[in-house]
Amino acid sequence: MDEKITVPLLDLKAQYATIKTEILDAVHTVFENQSFILGKTVADCEALLAPYCGCQYAVGVTSGSDALLIALMAEKIGPGDEVITTPYTFFATAGSIARTGAKPVFVDICPKTYNLDPKLIDRAITKNTKAILPVHLYGQCAEMNPILEIAKAKNLSIIEDAAQAIGSEYQGKRAGSMGRYGCFSFFPSKNLGAAGDGGLVTVQDAELADRLKVLRAHGSKPKYYHSLIGGNFRLDALQAAVVSVKFRHLDQWSAGRQANAARYRRLFEQAGLVQNGTVTLPEEVPGGRHIYNQFVIRGPRRDALQKHLKENNIGTEVYYPVPLHLQKCFAYLGHREGDFPESEKAAQETLALPIYPELNDRQAEYVVDSIRRFIDSTK
Ligand SMILES: *Cc1c(COP(=O)(O)O)cnc(C)c1O
């Protein structure tokens, strides 16, 4: 096989080449208007994204992390409160809970989907529990029906971390439309990425949308009169302009990722790596729409495999090497190794492969062949 093939984990330059004029036109318009803070560009972007996410309202914010924070603030969650979430996620999920002064309460994941295991939620609920914060990890929705039932029975609100899941579906419902809040990120590596940081909160309720808009501008309404303590959580007009352009291509890109996932499945089977359980491929829950923000496999000797792939010019990533309950900054929660075994095992075994839409046949074949060669060499 040609040793010159290079496969980055993500190829944003390839994407940009296909949309360059559209992006530059949109950015140019913002500069001509010199309206950089909120305004029509942000409102237009929100109006595009709310219905796409199956929601009545969308509020553009500074980042996915701040989307989570502002949703928790809108729920008035703070010191003394507890929020249930997964330890197997990006740091911001639990970090935003802690930033409000509330306590993140972890519940282990289902090993097949890497999402919150609803069966474990009940026993984590106390009189201080205020909300459940499920994450739709890698682009596939958490098992929402049982989570919604628990929330209803216990009068808890649900904040969906849909940062990796824009356009993803669970039984016909869009990510971000099932809980009280949907939180999205426009970090460049997400399926809909800005040219920098950005985020979005979606809601179904006009009053909540209004509260979020007040909170994102220092709790000011009318101007210079503050009934709430908010912050500066405004989405930039430049970022909104870029997101609105890229949004036109989002479904096509997500379909490209799905096609790449299907091709990987064929190639791994042809290589004989799936049948005997050597490599575990991501499981698609029936009735859903997985948008493959990441294509995450489990394989033997993960770290050595990653090193081998790197030597063969293939970019991969470990999402996430240390589950949140074992992070130094959360030592005060008193957790130890073994507390959430499925999350710990996933942290040791999983590896994300390149899945970006522009990935071609030759590259995908090279990735699977390189993995096969590694496995053969360890036999
Ligand atoms: C990316 C991400 C975030 C944070 O989004 P930023 O825009 O980077 O702040 C939060 N949660 C999850 C699961 C993410 O993947």
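Good morning. Please keep in mind throughout that the model is predicted. I begin with the whole chain. The protein contains eleven helices and twelve strands. Its radius of gyration is 21 Å, close to the 21 Å that the globule rule gives for 379 residues, so the protein is as compact as a globular protein of that length. Along the principal axes, the C-alpha trace spans about 70 × 55 × 35 Å.

I turn now to the domains. Domain 1 covers residues 13–247, and domain 2 covers residues 250–377. Their centres, taken over C-alpha atoms, are separated by 25 Å. How many residues of each domain are in contact with the other? For domain 1 the number is 43, and for domain 2 it is 36. Together the two domains bury about 3,500 Å² between them, with 59% of that area on carbon and sulfur atoms.

What kinds of pairs are found between the domains? There are zero salt bridges between domain 1 and domain 2, but 25 residue pairs are in polar contact there. On the side of domain 1 that touches domain 2, several elements each supply at least two residues, among them the helices α1 (12–33), α4 (92–99) and α7 (237–247).

Let us consider salt bridges in the structure as a whole. Side chains of opposite charge can pair when their charged atoms come close. The structure holds 19 salt bridges. One of them joins E75 and R180, whose closest N and O atoms are 3.3 Å apart. E75 lies in the loop between α3 (64–74) and β2 (82–85), and R180 in the loop between β7 (173–174) and β8 (181–185), so this pair ties together parts that are 105 residues apart in sequence.

Finally, I come to the backbone. Most residues other than glycine have a negative phi, and most peptide bonds are trans. Which residues depart from this pattern here? K221 and P222 are joined by a cis peptide bond with omega of about -10°. P222 sits in the loop between α6 (206–215) and α7, and that loop also holds Y224, whose phi is positive, near 75°. The peptide bond from Y319 to Y320 is also cis, with omega near 10°; Y320 is placed in the loop between α9 (302–311) and α10 (341–349). L38 has a positive phi near 50° and belongs to the loop between α1 and α2 (39–52).

Thank you for your attention.

Methods
Residues are numbered from 1 along each chain as its sequence is written. This is a predicted model: local features need pLDDT of at least 70, side-chain atom pairs count only at pLDDT 80 or more; totals for chains, interfaces and linings use all residues. Side-chain values use heavy atoms; hydrogens and water are left out. Domain bounds come from an automatic or database domain assignment. Contact means heavy atoms within 4.5 Å. Buried area is the accessible area (1.4 Å probe) that two parts lose on being put together, summed over both. A salt bridge is a side-chain nitrogen of Lys or Arg within 4 Å of a carboxyl oxygen of Asp or Glu. A polar contact is a pair of N or O atoms within 3.5 Å; within protein, one must be able to donate a hydrogen and the other to accept it, and residues adjacent in sequence count only if both atoms are side-chain atoms. Helices (H or I, at least four residues) and strands (E, at least two) are DSSP runs, numbered from the N terminus. The radius of gyration is taken over C-alpha atoms; the globule rule is 2.2 Å times the number of residues to the power 0.38.
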